There are 2 protein chains.
Amino acid sequence: MTTVIPVKRAGKTKPQKVENAVKTEIEWLVDRHDGAPNFEMRRFVIKPGGSIPRHYHPDIEHEQYVLRGNYTIGIGKKTYEVRKGDSIFIPSGTPHWYRNTGNENAEFLCIVPKKEKYNSVYLETENQS
Amino acid sequence: MTTVIPVKRAGKTKPQKVENAVKTEIEWLVDRHDGAPNFEMRRFVIKPGGSIPRHYHPDIEHEQYVLRGNYTIGIGKKTYEVRKGDSIFIPSGTPHWYRNTGNENAEFLCIVPKKEKYNSVYLETENQS
């Protein structure tokens, strides 16, 4: 049975390494284990020099909000430099990638629909050395 | 037809007054007009002295993230003082309210499922004078 925890304090969720990415961590802030029925909220941190390679999700859209830093995001054929307070919408099926060439951590929220399986298709790989 | 705008810059969305609330504004950051199929992302600003009275949504849950300030939030029978970086989950049907007794703006993101109608039931009113 799910016990609802209405408030999770800053810093109390555990960062996990993001597969296929470089110097990137994810925390699941509110998810199905909390009883979330429709969508799940995660926070990403991409450290300086970090990146997530170009990929897409066939049936998962992203709604994102930039919390900190400056970083580059590619969406479809376009590239954007984003910063704190910017909002981002990436429709399902749209290739996207991230690169933090700045000096401070890039942090953003990423909300996704709750799906049985989190399908991703990677279009390139990063040098993770 | 919906034209997808992948990035909305900070400060480019228009704040609207929140009905039934005091000194509170909402901006819809990513919503159905952007093509969002499943959930919608809004930012609330509650100014010092502002509040949103106790209410619930029969079929809408909230996932929230505190961006700025310190404020009080009531969820069910409990009260929490929240601050930047805290994550909040309010299941559908759960009464909740907000009060900013601090000296700076309280800001938070609130993500909701996309519904035909945004049903709310108010359990009290605020003195909006």
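View 1. Once neighbours within four places in sequence are left aside, Lys23(B) is in contact (C-beta atoms, placed from the backbone, within 7 Å) with Ile46(B), Lys47(B), Gly49(B) and Gly50(B). Gly85(B), 62 residues apart from Lys23(B) along the chain, has its C-alpha atom separated by 23 Å from that of Lys23(B). This is a predicted model, in which local features need pLDDT of at least 70 and side-chain atom pairs count only at pLDDT 80 or more, whereas totals for chains, interfaces and linings use all residues. Residues are numbered from 1 along each chain as its sequence is written, and chains are lettered from A and ligands numbered from 1 in the order in which they are written.

**View 2. Strand β10 of chain B and its partners β4 and β5.** Strand β10 (residues 106–113) pairs with β4 (residues 39–56) of chain B in the antiparallel sense over 8 bridges (pairing requires at least two DSSP bridges between the strands), and Arg43(B) has Leu109(B) as its bridge partner in β10(B). Strand β5 (residues 62–68) of chain B also pairs with β10(B) in the antiparallel sense, over 5 bridges, with Cys110(B) as the bridge partner of Gln64(B).

**View 3. Ile111(B) and the largest nonpolar core.** Tyr65, Leu109 and Ile111 of both chains touch the most other members of this core of 52 residues, a nonpolar core being a set of buried Ala, Val, Leu, Ile, Met, Phe, Trp, Tyr and Cys residues joined through C-beta atoms within 7 Å. Beyond its neighbours within four places in sequence, Ile111(B) is in contact with Phe39(A), Met41(A) and Ile111(A), and also with Phe39(B), Glu40(B), Met41(B) and Glu63(B).

**View 4. The contact between chain A and chain B.** Each chain gives 34 residues to the contact, and on the side of chain A that touches chain B the largest share, 4 residues, comes from β8(A). β1(A) and strand β8 (residues 87–90) of chain B pair in the antiparallel sense over 2 bridges, and Lys8(A) stands opposite Ser87(B) in β8(B).

Key
Two residues are in contact if their C-beta atoms, placed from the backbone, lie within 7 Å. A residue is buried if 20 or more other C-beta atoms lie within 10 Å of its own, exposed if 12 or fewer, and partly exposed in between; C-beta atoms are placed from the backbone.
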